[in-house]
Amino acid sequence: MNCRSEVLEVTVEARQVEESMLALLHTILLHRSTGKFHYKKEGTYSIGTVGTQDIDCDFIDFTFVRVSSEELDRVIRKAVSEFKDALSVSGSDGMGQICLEFYQKKKSRWPFSDECIPWEVWSIKVNVVNLANEQERQICREKVGEKLGEKVINVVEVINRHEYLPKMPTQSEVDNVFDTSLKDVQPYLYKITYQITDSLGTSVSTTVRRLIKDTLAL
Amino acid sequence: MAHFDTEYQRLEASYSDSPPGEENLLMHVPEGVKSQWHHIENLDLFFQRISFITLHQKNGFTCMLLGEIFELVQLLFVVGFTVFLANCVDYDILFANKFVNHTDSSKVTLPDAFLPVDVCTARIRDNAFVIFVLTISGVFWLHRLVKFIYNVCCYWEIRSFYRNALKMTMSELPYATWQEVQARIVEIQKEHQICIHKKELSELDVYHRILRFKNYMVAMVNKSLLPVKFQLPVLGEYVFYTRGLKYNFELIFFWGPGSLFENEWSLKPEYKRGGNRHDLADKLASRILWIGIANLLLCPVILVWQILYAFFSYTEVIKREPGSLGARCWSLYGRCYLRHFNELDHELMSRLSKGYKAAFKYMNCFLSPLLTVLAKNVAFFAGSLLAVLIALTIYDEDVLAVEHVLSSITLLGVCITICRSFIPDKHMVFCPEQLLRVILAHIHYMPDHWQGNAHRSETRDQFSQLFQYKAVLILEELLSPVVTPIILIFCLRRKSLEIIDFFRNFTVEVVGVGDTCSFAQMDIRQHGHPAWMSEGKTEASIYQQAEDGKTELSLMHFAITNPQWQPPQETTHFLSQLKERVHREVTGHTGDTHQYSLSESEPRSLIANLLAGPSTLGSVHFARDASLANHAATAINDSASALRSLSPVSGSLYLRGSLSAVQRGHTSTISKAMAGSGTDARTVSSGSSAWEGQLTSLVLSEYASTEMSLHALYMHEFHKQQSRGELPRHTWHRQDSDESSDSIPDEVRSEPPRCSRNLPRSHTFPTTAPSPSDIPKSASDTSTNTRGQEGFVRTARVPMGGWADDSQAVPRYPEPLPEESSDDEMPPHIHKVCPSMSVIFFLFFFYCLYNKYIYIFFFF
């Protein structure tokens, strides 16, 4: 695929899942969001401001920074809690993966729907452990905090690299690059998906797609 | 409350996020998405399409699309007409076994022979087999139709890509070569970033993406991993590799349900780890079993599908490579075996087509004397009968009205044609060793034990695995639905562990490309073979070494076809060393102190050197050709004419190479390699002035292929010496027989006639007046270089003839001369074929095939 993919791996306790996921997703989105664009005249725009906010975690010794946008937070929270529920329901060993995918839309001609082409995918693999006693929990609380701190630095390093980003769009194309539905902030178009355990999941659909594509190939 | 309001009043006054004073400073100008070509999702597919379209739209999109529409109509016609012939014609009336009771006249008309519509439909409805065939054909046709519509969309997309991103107009597109298009793609990557991982795209990346799976297949054939060779009780070693089998292999490895690849660009992570290889192998084995069983069950459907598919693919193949019209063709296995890593289809086909003639001749060397005697006598008797019948017919044409006279004349004619194919040409000389060398110059690979054993029938049999009868190919394809499941279930399944290991060991992840076959990296250090000039550089174990010098030759080939490519440091070193060596050999033995130094050790091609240097090679050829070219001087820029005139010069250069090679054990085969490989630039220009713009790239690609031939021969020779550790045999004495055997046109044997023949040809040039400025130049060149001239006059003959001789083989040649034009030594209906008993049956097949390949499908 023509996109970058980054993998982060964390090992947490069940009750820490939600916060750790929020921390990581928000950290990434903080760096992948801009202020709202205000297009002024022909071909120029100014960028609005983005507020930030410190969030303290309850179950982890950790504080992270997120964009102070309630709407964005609501969307992310919803996705994460779905993931958390799925993870607890599945009853498996507590392996899961949540993907944050940044994509661009490409307008297609009439019979086809718009293509969504990802350019960066962050996969966060979660490993849930069960702890026996309070002391271990206490240790875990600190450990996870440290780990998340490392991850955040990791994320920032990756984002600091000079790599492909979609070019700044003109007014008509802004919806193809940015998510303009939010009032106060404008992240790149993103999609959050999750997956519980390494199921076969993908292979069947890709095979069918490939089969069709192959028969149609030149 | 009031003073709170005052604090925040300013915000309300102008509700804007940016501070009011700085508004003007923080203006941004959006770059906008200039084109839709940034960041393409599936680059593999995209590049594949571009390369396909670049190579197949010779006359623009309209022709390409129209051709496809007609293919669809053809299929409808073929199916419909066959069903009609089988069910709706009353043959009794046609053969006059039954009389029609006409009232007005006694004449039988065609409509009389047709059955009424209701009878006809009833017959079709009752016949389950016909219904079955019709259903599958319908599905097939619909599939083609959907494919066609899909293709139109793709064409449209690529077309706008050409236009907007590559900035090529539609009018210049038909003349664009793949190399040019590729260069532009590499160029626009910098601007549009179609691949987001890298700032710049290299040629190798593009090739890797296009040929990702093909490289795997080549490597697997190279390492003899795929079960395609079988020991059969009667036939001995037999290679069975058909489209159907290939399709199944690809299904299993690359994209089928639960295949090794996760998606088009990455291998599944579990296959990259060595941990549970046995489990994975078991899983693979059971999958192969299921696919084999599915194949077995679907066998009849596949068979019908195969026939329909064959119909289409052969029309397409014949369109693409006129060489395939002959009795033989390169087998699918041969194509896999002979393919370099990172070699596109058209590159492979062009060199195989160039080798076709020599290969055909080589196979014709082996005619069994027994069959010849038999054939001569059968031909004698059949001929006598035929002569009598014809004579009688001439005397009185009523003879034709006698029952079966016309049919027996036809049959006897066919019989004689077949017999004549077994009678060897009186003027043919048996010189397989040389022929094999000429073949080698094009196909670049052959097993070690062939060298020196070219006259043995074992070698011939093995060669026929690569170069098989068309009829055998078709028969194999038809048998394939039955044989494929057997091979899958009994042979491939056993190899599952090896396959798992292969994919694990030979997959590397390349940034910006994904998982590719590590052989395709062409890294001498990892996959070099010590016996193939990479001694001391390679660290590969025997398992890792590519056989037959594939890594080295592929590397050489890729570097030559893509001179812009920047190989890694070590590779550059290897290449320059090798080139230097070859060039030293070339220059070393000639003894003429030419001012031209060939020992430059840049990783650029010899051609580039040739072009870059001021061409002081003003031998008589340069002079003569310059004057020749001057007829077209107004239209042609300097570089083009320089190129054209360089063609004989480089010819002589290679001949010098061959001279030295003669001392090392070659005979003048390299020069014959030249003979097969080149198009003469002059032929191009004399044909039509419209192609002038393309001339440069065309000539360049020809030089490149010739250079590759030279290197391939050199490497094989080197390998031979190294592996045997003995002095090369001197085969001087062969040169004479060689001269006579290869059909060098008379015109190149002697210098003056050739010259005089060439000059009249020039009147087809667009402008006839020679430019006066160049004539003195050529004259002075002649006079100043008289010393070096001697050698050239003597040596340049053979390649000259060669270049002129074989100009049809260029794939991108805009108006390819038909293959037949150069096969003048063979009347069109005579196939020189090698005898083997089974062949007799097939002869009828490809007699049909030769005349009208379509009829064969009626036959089925």
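The model is a predicted one. Chain B carries 39 helices and nine strands, and 53% of its 860 residues are buried.

**Chain B overall**
- Of the contacts in chain B between residues at least 6 apart in sequence, 75% join residues at least 24 apart.
- Chain B has an accessible surface of about 39000 Å², and carbon and sulfur atoms account for 61% of that surface.

**Aromatic pairs**
- Across all chains, the whole structure holds 44 aromatic pairs.
- One of them joins Phe37(A) and Tyr39(A) edge-to-face, with 6.1 Å centre to centre and 75 degrees between the planes.
- Phe37(A) counts as buried because its relative accessibility is 9%, under the 20% cut-off.
- Tyr39(A), with 16% relative accessibility, also counts as buried.
- Phe254(B) is buried, at 2% relative accessibility, and Phe503(B) is buried at 1%.

**Charges over rings**
- Arg328(B) lies over the face of Tyr469(B), 3.9 Å from the ring centre.
- Lys550(B) places its charged end over the ring of Tyr337(B), 5.7 Å from the centre of that ring.

Methods:
Residues numbered from 1 in each chain as written. Chains lettered and ligands numbered in written order. Predicted model: local features only at pLDDT ≥ 70, side-chain atom pairs only at ≥ 80, totals over all residues. Heavy atoms only, no water. Helix = DSSP H or I, 4+ residues; strand = E, 2+ residues; numbered from the N terminus. Buried < 20%, exposed > 50% of the residue type's maximum accessible area, 1.4 Å probe, protein only. Contact = heavy atoms within 4.5 Å. Areas by Shrake-Rupley, 256 points an atom, 1.4 Å probe, with all protein chains shown as cover. Phe/Tyr/Trp six-rings, centres within 6.5 Å; stacked < 30°, edge-to-face > 60°. Lys NZ or Arg CZ within 6 Å of the ring centre and 35° of its normal.
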